[in-house]
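I opened this notebook to keep track of what I looked up. Sequence and structure come first, then my entries.

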Amino acid sequence: MHVLSVSSLKGGVGKTTVTLGLASAAFARGVKTLVVDLDPQSDVSTGMDIQVAGRLNVADVLANPKEKVVRQAITSSGWAKVHPGTIDVMIGSPSAINFDGPHPSVRDVWKLEEALAAVEADYDLVLVDCAPSLNALTRTAWAASDRVIVVTEPGLFSVAAADRALRAIEEIRRGLSPRLQPLGIVVNRVRPQSIEHQFRIKELRDMFGPLVLSPQLPERTSLQQAQGAAKPLHIWPGDSAQELAADFDALLDRVMRTGRIPSPDGSVLA
């Protein structure tokens, strides 16, 4: 089971929409996927059409990461009505903010890792939608992860936030979890005709080189529309939606190659 955190240390750059785009790509391909909604805003849970009534949630898991609690906090996404496949969600909750203090104990940092170990046989890929900060929730996600994808946008402050995120990943790798590595930086909400955007993308490439992933994701309303309707991007009508879906397919290829996640046909991307 490969665990990928989707992170940003700056709000408003589309971190959750990137999580949903990758989840849609994985579901379309038939990869058995769990999405962990660790952001207290819980937008991933809304965008994946889940029913929360009578269920536990990620806050319950962080309080008690035993297998019985973990399984009660996981439910199938409403996306599974579209076509067969495993696309589950560990339900988000505003109460997760209670676990986001600035100085987590070592015991607390490993709680998500412990929880995911209970369901390791059930999934090939776990996507963790992180909180937009570097407090306990993000550290807990990273401790449980193999890779982190950093979401940014082509703006001055977002470039600085990406730099902070990569430095923080290295700090966690050295001090806590040696297996943790950055997958790279996804540049989101790009307007190709914008001179400012092109300048910032060049700045990112000059700073981070091959860590800046291709393709960059163009600014499109289709992903927000699909998210608002609680549908996967890959079934959303229109050329712009399908172009964006192809971009997420390419990013998923990178995730699967890095994690050596087998395709449903049993092959492994070279």
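Is E170 buried or partly exposed? I looked up its relative accessibility, which is 27%, so E170 counts as partly exposed. I noted that the model is a predicted one.

Entry on helix α8. I checked the partner of E170 and found a salt bridge with R173, with the closest N and O atoms 2.8 Å apart. Both residues lie in helix α8, three residues apart, about one turn of the helix. R173 has 24% relative accessibility, so R173 also counts as partly exposed.

Entry on helix α9. I found R200 in a salt bridge with E203, and their closest N and O atoms are 2.9 Å apart. This pair lies in helix α9 (residues 195-208), again about one turn of the helix. R200 is buried at 11% relative accessible area, whereas E203 is partly exposed at 23%. I also noted a network of salt bridges with shared partners, which joins K15, D39 and D129.

I searched the whole structure and got 21 salt bridges. One of them pairs E153 with K10 (3.9 Å, N to O). E153 lies in the loop between β6 and α8 and K10 in the loop between β1 and α1, so the pair ties together parts 143 residues apart in sequence.

Entry on the cores. I looked up the largest nonpolar core and found 44 residues, with V36, M90, L116, V128 and W142 having the most contacts inside it. Helix α8 (residues 156-175) gives the most to this core, seven residues. A second, separate core has 38 residues, including I50 and L213.

Note on methods:
Residues numbered from 1 in each chain as written. Predicted model: local features only at pLDDT ≥ 70, side-chain atom pairs only at ≥ 80, totals over all residues. Heavy atoms only, no water. Core = buried A, V, L, I, M, F, W, Y, C linked by side-chain atoms within 4.5 Å. Buried < 20%, exposed > 50% of the residue type's maximum accessible area, 1.4 Å probe, protein only. Helix = DSSP H or I, 4+ residues; strand = E, 2+ residues; numbered from the N terminus. Salt bridge = Lys/Arg side-chain N within 4 Å of Asp/Glu carboxyl O.
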